[in-house]
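This briefing covers side-chain contacts in one protein chain. Please look over the sequence and the model before reading the points.

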Amino acid sequence: MSFNTKKLKRGSRVLTRNGPGELVSCGGMGVGVGVELDRPWAGSKFVFFGEAEEIVVESNFTLVRIINLGSLAPRLIAGAQNYLSWDECRNALEEPFALNETLVALNFEKRILESNRRLGNADLYQILETGLSIYQPAEAKLYSSLKKAEEAWKKNIDALSGTSGDILLCALLDLENKRILAKAVFAATQVVSKEIF
């Protein structure tokens, strides 16, 4: 999903469900991977060992897949994947996608977004909440006013803190201006990052 052993090497920055760290081993099939976490555990270095699916590239470039279920049904976020560069993330917009699928490329470095479809509609603000380490459906929350969207984002952040065993991304988007207004990343044991732009 968000981990490609062909592109990553020892020393690459990654996220795990126990927090961010540095890749120390990239095992083969069935061996797993090892990550030295930034935050020591019990006063000593703690290395997270797990499967490749449990590790996510630490990156400012994310592609989110949104499934459009029809005009009366909600939109669901199917998952997200981090990329090492903005060009790689933008190129993913051109890969094959389903007719009912919207792809949104997020550049947290420049706080902009691009999509394979027109995003403008009556609801100008959206909260994207999705797992980075696994594909799991999440509701796309849409708002018509910035004030309501900001209030909902703050409540969402408080509710997500420490509640999941997965690596989660929560972003607040301004669809009309194609801007990213806020971002938070969660691991099971901590809030990895939280920014309001």
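Is Arg13 buried, exposed or partly exposed? Arg13 counts as partly exposed, because its relative accessibility is 32% (buried means under 20% relative accessible area, exposed over 50%, partly exposed in between, with a 1.4 Å probe and protein chains only). The model is predicted: local features need pLDDT of at least 70, side-chain atom pairs count only at pLDDT 80 or more, and totals for chains, interfaces and linings use all residues. Residues are numbered from 1 along each chain as its sequence is written, and side-chain values use heavy atoms, with hydrogens and water left out.

**Salt bridges**

- Side chains of opposite charge can pair when their charged atoms come close.
- The whole structure holds five salt bridges (a side-chain nitrogen of Lys or Arg within 4 Å of a carboxyl oxygen of Asp or Glu).
- One of them joins Asp38 to Arg13, with the closest N and O atoms 2.6 Å apart.
- That pair links distant parts of the chain, 25 residues apart: Arg13 is in strand E1 (residues 13–16), and Asp38 is in the loop between strand E3 (33–37) and strand E4 (47–50). Helices (H or I, at least four residues) and strands (E, at least two) are DSSP runs, numbered from the N terminus.
- Asp38 is partly exposed, with a relative accessible area of 44%.
- Another salt bridge is between Glu101 and Arg65, whose closest N and O atoms are 3.4 Å apart.
- Here the link is between strand E8 (residues 101–107), which holds Glu101, and strand E6 (residues 61–68), which holds Arg65, 36 residues apart.
- Glu101 counts as buried, at 9% relative accessibility.
- Arg90 and Glu114 also meet through their side chains in a salt bridge, at 3.0 Å from N to O.
- Arg90 lies in helix H1 (residues 86–92) and Glu114 in strand E9 (residues 112–115), so this pair ties together parts 24 residues apart in sequence.
- Arg90 is partly exposed at 35%, and Glu114 is partly exposed at 24% relative accessibility.
- Through shared partners, salt bridges join Arg13, Asp38 and Glu58 into one network.

**Aromatic rings**

- The count comes to one aromatic pair (rings of Phe, Tyr and Trp, the last by its six-membered ring, with centres within 6.5 Å; planes under 30 degrees apart are stacked, over 60 edge-to-face, the rest tilted).
- The pair is Phe61 and Trp86, tilted, at 6.2 Å centre to centre with 40 degrees between the planes.
- Phe61 lies in strand E6 and Trp86 in helix H1, so the pair ties together parts 25 residues apart in sequence.
- Both Phe61 and Trp86 are buried.

**Charge over a ring**

- The charged end of Lys183 sits over the ring of Phe108, 4.5 Å from its centre (NZ of Lys or CZ of Arg within 6 Å of the ring centre and within 35 degrees of the ring normal).
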